[in-house]
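I will start with a pair of strands and then widen the view.

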Amino acid sequence: MAVGSQDGTPHLNAPAHLNAPISAPGLGGPLDELADTARRIHDAIESVIEGKSAAVRLTLTVLLAEGHLLIEDVPGVGKTMLAKALARAIDCPVRRIQFTPDLLPSDITGVSAYNQQLREFEFKPGPVFANIVVGDEINRASPKTQSALLECMEEHQVTVDGVTYELEAPFMVIATQNPIEMEGTYPLPEAQRDRFTARIAMGYPEPAAELEMLDVHGSSSPLDKLQPVATSAEVYRLIEAVRGVYVAPGIRRYAIDLVTATRQTPELRLGASPRATLHLVRAARAHAALSGRDYVIPDDLQDLAVPVLAHRLLPSSEAQAGRRHPEQVVVDLVRRVPVPERS
Amino acid sequence: MRLPITAGVATAAVALSLYPLFDGWNWLWSALGAIVAVIAAATLTARAPVAAPFAPIAGVAGLLLYLTASFTAKHAFLVFVPTPSSLRALARIAAAGFQDIQRFAAPVPEKTGVVLIAAAGVGLIALLVDMCAVRLRRAALAGLPLLALFTVPAAVLPDAVPWPVFVFGAAGFIALLIADGRERLGQWGRPVLLHRTHRAERADSTPLGVAGKRIGFAAVGLSLAVPFLTPALEPSPLFGFGVGGSGPGGNTITIPNPIVGLRGTLTLPASATVLTYKSSDNKPRYLRMHSLDKFDGVNWTMTPADGRAEHRVADSDVPEPEGLSTQVPVTPVTTEVKVADQVPELRFLPLPYPPRRVRADGDWRADPRTLVVWSSRAEAGGMTYQVESLDVKPTAEQLRAVGRPPRDVQRRYSFTPEVSEEFRALTRRVVADAETPYEQAMALQRFFTGSGGFTYSLQVPEGHNASALEEFVMRSRTGYCEQFASAFALMARLLHIPSRVAVGYTGGSLAGGVFEVRTHDAHAWPELYFDGIGWLRFEPTPSGATGQGTASPPDHSLPVTPTGDATSSPTTPEDTASAAPATPGVPRGDNDPDARRGRDDRGDGLLGQDALQEEGLPVAAQVGLGLLAVLLVAALPIPFRLAVRQRRRLAGTVHAAWDELRDTLEDLGIAREPNESPRALARRLTEALGLDSDAADALRRLAEAEERLRYARAGIPQRVAPGDLPLVRAALLAAATRWRRARAFAAPASTLRRLRGLGTYLLDAFDRLDNIRIRPRRT
């Protein structure tokens, strides 16, 4: 996994084999349907965003792993476009929240309002009540508002005035944010960062892709032409199929080894949490399923280690002084931890 | 406290190697007591700050007190305080001990004096070790006194010291080094740890100790294994057995050089009876005591006799005579010998050669090579014993058909010193007309007893070194049996006939139905080796009134071969006839230049370089064999690797194929990353080595099968397409350089790693043994 740094900010560029097409095992069964549906969604998004196959694939992986995605990059590289394209490709309720410094928690979760006709308090669901929630520029909101997302992201439920409302499955938060060094942003708290399954960077497009983008976007927005290619029920079935992907004991052990390594290395002040392990294995399942496999291999974990782990880690002061980013540390750890041999 | 104790233990471990020197184990307890006394005295003194420099003196004092208490308690004051009389008693015991050591060969009976000397010696070594290791803190230096102690049995015993003894001693020394290392490390102070445990009270030296032990074990193992692999040379003991040895001293039995004593015996004013004997066929027989088989240019000496217990004549027959084949006619003869009472210190039995069975009281042992029967403790004076021996009567054909002796015999009995070219030429002339080794020997005998014009006289200087023998043969031609026998044997060696000098008695004279052997019958004579017949006696010394009175030439050296075989009789006169006319002309017959040239040519063939080269070849062959052995050992991984590959091929499973692939990569020096899954490895190989599509596909199939087996649910078929692995292997080999391929075959890294792993496992086992320690439970 290569870590580019064009402007002092680490950019995560997915490895070449992540661009591999989504493949079907050809055996029939849920995996075939998964591959078919996943390819349709993938192609639909690709028609909007040029040359970002790896990012699209990771987005799909997170969707199938029932996780949440954090897209972090400088403004204008297509973060919101990716989130919106995914939301548009799936025929399901989608809400978009533009985070601003004056956004309140109730603006997200919803409020109980007094219905004069019925003479009782009535719950007005906030934008979080959807299958896909796009949180734009999430780090522009105050930490208090950001925290409002915590409960719904982890527990898929919202509690307002002592009443708990279940969220509909599938539920996915796609948040975009600018790098925290940028003006007018509040850094995302560790607890919240930990709730995102993966963080990806878009990176600048290739010149050829950018040229094509100019052609396409010149006339009209391709997003408008994007038609839904899957329903939420279909996506839910895919998620069910992903749950059935086999994770061998050795692979589980390997995931723990990777996560443990982040806790033990002196380059990190804060290692990955047990939740990170859980997210890593879930994402690996989805990754394997997208590759047409019904079992996880070490390569799945290795491919996902940086996007899944790096945003949760805090570098030690020595690593900071040495300008070592958590991404690089994770890459080194992955290189060091041996893959599981036969059990 | 650990270091002094280890020093004592190391000394005790090395002292154990002395056990073959003693006939019992009491010495060991005394020696251990001495060690304890010395170490305790030195350590206690060192505890007192003022007295510390006097620790070695205290050690000596402790040793003296201990010896006094153990050996001369009744002369001492309060059992252990030495008094003048106790010291004198100690000196007396020690002197007796030294005498015993001179008298007895190992194993020495445990008389008090010997035990005292052993205890004192070991005690002094312990003191030196303590001084080096504990007082001076130079543990490595303590190896020197320990080595000195170890060399005692190595030097004294004819056999090598058993290897377990060496291992034991070496382990003691290593323990001393380790203990020293620990103490040294401990002095750096106490480690700062969060938890104060008992173990943490001193620096943790365990890793160092483990490393030290590994190195130590490896060194000991190598020192044991390497001699087996290198070409072995004939082991030559540091000290001789005493006969003609390198002076007095040493822990060996000393007897006067038998051949040197001859003249003294022969010139005694009165000839005393030494022994009388009766033989079953009533014929006189030479009685041999010593066999001098080594000639260094100065002395004929005896190879140290090999007195192993299994050659005790009371229990078994005398070993087979060397070189005697079953075709040679022999007649068994029984001889009963009675040795006179007054004969002192007769430790070698006078026996007819070759003896087959000896019935004698006492611990008499036969040397398997020379068939000399001897004892380190019994004496033959006053003894009566029976000998069954053989009369060897080779036929004329057998004598004539004698060829070159086997190489080992030739090597052992063929060393000749530098002699002048004239002497060689004379030797060649003497045997000019002889065709076979036997005829050459006969020619030599005729030269000495007839044609050479030699005179027997005891009035000549003693000595038989090479130049004296040349003087004797070339010019003076006057001497007695010492010179005759030595010169004959030397000339035989110049002719490449193995020879040695026997010392003993002639057959004596018949008196009243028994043969009587007197001191004047003491004699030396040459024995020559003939292949298939063995050792035959010759008699160059003149006999009768003008020579050695009772000397007689053996039957086989008489002109008429004493054979009853009718078919061989026609050859005998012819032999004799052809030899006889030539005889008168031999020594001086160098007038005819042609004849001389012809003889010289042949002589060169006999004495020249080819024979010497023959001697040189075996060394080269030995070195070659050694190298071959090393190569064989080095090549051991090859069949091992091939067997592993074959086993995997037969197994045909996915895991077997994958293992084979990985081993092949390792052999070819292609590194494998620890984080590489089968799929990633296949991808990297395909890209890095530029595999063609067939090989790449096969590799991918292998990787996916392995991956499936490892990480997918059970129930996947475990076979692999039989062609895939060979295809991939061939592609990998083709991509490697020639040198890599050769190394993968000759020194497969995967196999070497496994062997190393085995070694590490064994070492770890040792470490675990070491970690078992008994610790008092703390409450």
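I looked up β3 (residues 273-279) of chain B and found that four bridges join this strand to β16 (residues 514-518) of chain B. The two strands run antiparallel. I note that this is a predicted model.

Next I checked individual partners. B:Y277 stands opposite B:F515 in β16(B). B:T276 has B:E516 in β16(B) as its bridge partner.

Then I turned to β15(B). Three bridges link β15(B) with β16(B), again in the antiparallel sense. Here B:S509 is bridged to B:E516 of β16(B).

I followed the chain through the hairpin of β15(B) and β16(B). Two residues lie between these strands. In this hairpin, B:G512 takes a positive phi near 65 degrees.

In which order do the six strands of the open sheet in chain B lie? I read the order as β8-β11-β7-β3-β16-β15, with antiparallel pairing. Why is one side of β8 and of β15 left without a neighbour in the sheet? β8 (355-359) and β15 (509-511) of chain B stand at the edges, and each has a single partner strand, so one side of each stays without a neighbour. I also looked up the twist, which averages 30 degrees from one strand to the next.

A reminder to myself on what holds such pairs: strands of a sheet pair through backbone hydrogen bonds, either parallel or antiparallel.

Terms used. Residues are numbered from 1 along each chain as its sequence is written. Chains are lettered from A and ligands numbered from 1 in the order in which they are written. This is a predicted model: local features need pLDDT of at least 70, side-chain atom pairs count only at pLDDT 80 or more; totals for chains, interfaces and linings use all residues. Two strands pair if DSSP finds at least two bridges between them. Axes are lines fitted to C-alpha atoms, for helices over the stretch in contact, and angles run from 0 to 180 degrees between N-to-C directions.
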